[in-house]
Amino acid sequence: MALSLTFLILSSLVIFSLTSHAFSASLSPYFYYKVCPKALPTIKRVVQDAVRQERRMGTSILRLHFHDCFVNGCDASILLDQTTTIDSEKTAFANNNSARGFEVIDKIKSEVDKVCGRSIVSCADILTVAARDSVVALGGPSWQVQLGRRDSTTASRTQANNDIPSPFMDLSSLINNFKNQGLNEKDLVALSGGHTLGFAQCVTFRNRIYNETNSIDSIFAKQRQSSCPRTGGDSNLAPLDQTPSFFDTKYFINLVAKKGLLHSDQELNPWIFSKDFVNSMIKMGNIKPLTGNQGQIRVNCRKLN
């Protein structure tokens, strides 16, 4: 569930600002403006520090947000650890031994609660804002984040397995998957542009580099085979494009040259020149938020209060 797209992706943006006051049932960019004005600067500072130490971490946080939103909405359910009553999404196929950045979110939560004087900012909002700040830290665009989400009291590994898009999906399956989240084809391409950042495990692209022919550059396939054998090495990493730590247009250029690492990415070739990354990130961030008295504000993002 990674990734400025120039630049191809960023014209004609319309960002809507809601004016509801703090703790109303609506999302608003000003939700914490009066109750904790230092919250957002604190999130930004911790994210910048984390990315400065390891640029890949920005990609990991963006991916956490994506995988969170696709399972019952953006409610921080992905952050919950396994318990007798919580079916943790961390062990779902797309996340197991792959999702990372949880310690950074823990640190952000601790620092934010410290400056706010209490646990007032939800883990769901922290993850959403941290994803935006990660993109910015890696050279991408910024946008105004709607705030006021609350945290889930449940998680579902089964639903994560069903709802997080698979790297093996064909185009029609991807379109249907995004449609189920209220997202359209433009959103699909724009959000997939997040793959300008980060890496993929060998197990997710092995079939493509050994068994696909018409849709993959042969030299590129052989290059990837050197680090991804036919058997074994499932967790070996390969970059999703040539500049995995920078938010740029290399991802889309690769698709034109049949050098998309994942089968699902190469399927996007017909619609590569999207302009809507920011709008689609805002749209995804607003998938089924818990507000008002729904859910809770977790003290520890990993477990229920």
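The model of the protein chain is predicted, and its pLDDT averages 85, with 86% of the residues scoring at least 70.

Two packed helices are described by the angle between their axes and the distance between the axes. For helix H8 (residues 202-211) and helix H9 (residues 218-225), the angle is about 135° and the axes lie 9 Å apart. Angles over 145 degrees count as roughly antiparallel and those of 65 to 115 as roughly perpendicular; H8 and H9 are therefore oblique to each other. The crossing of H8 past H9 is left-handed. On the side of H8, the residues that meet H9 are Phe205, Ile209 and Tyr210, and their partners in H9 are Ala221, Arg224 and Gln225. Classified by residue type, this contact of H8 with H9 comprises four nonpolar residues, one polar residue and one charged residue.

A second pair is formed by helix H2 (residues 56-69) and helix H12 (residues 277-285), whose axes come within 10 Å and cross at roughly 50°. This angle makes H2 oblique to H12. H2 contributes Leu62, His65, Phe66 and Cys69 to the contact, while H12 contributes Met281, Met284 and Gly285. Five nonpolar and two polar residues make up the contact of H2 with H12, and no charged residues take part.

Covalent links were also examined. A disulfide is a covalent bond between the sulfur atoms of two cysteines. The structure holds four disulfides, one of which joins Cys36 to Cys116 with an S to S distance of 1.9 Å. The torsion about the S-S bond of Cys36 and Cys116 is about -90°, and the disulfide is therefore left-handed. Cys36 lies in the segment before helix H1 (39-53), whereas Cys116 lies in helix H3, so the pair ties together parts that are 80 residues apart in sequence.

Technical notes. Residues numbered from 1 in each chain as written. Predicted model: local features only at pLDDT ≥ 70, side-chain atom pairs only at ≥ 80, totals over all residues. Heavy atoms only, no water. pLDDT = per-residue confidence, 0-100. Axes fitted to C-alpha atoms, helices over the stretch in contact; angles between N-to-C directions. Helix = DSSP H or I, 4+ residues; strand = E, 2+ residues; numbered from the N terminus. Parallel < 35°, antiparallel > 145°, perpendicular 65-115°, else oblique. Left-handed = near helix turned anticlockwise from the far one by under 90°. Contact = heavy atoms within 4.5 Å. Nonpolar A, V, L, I, M, F, W, Y, C, P; charged D, E, K, R; others polar. Disulfide = S-S within 2.5 Å.
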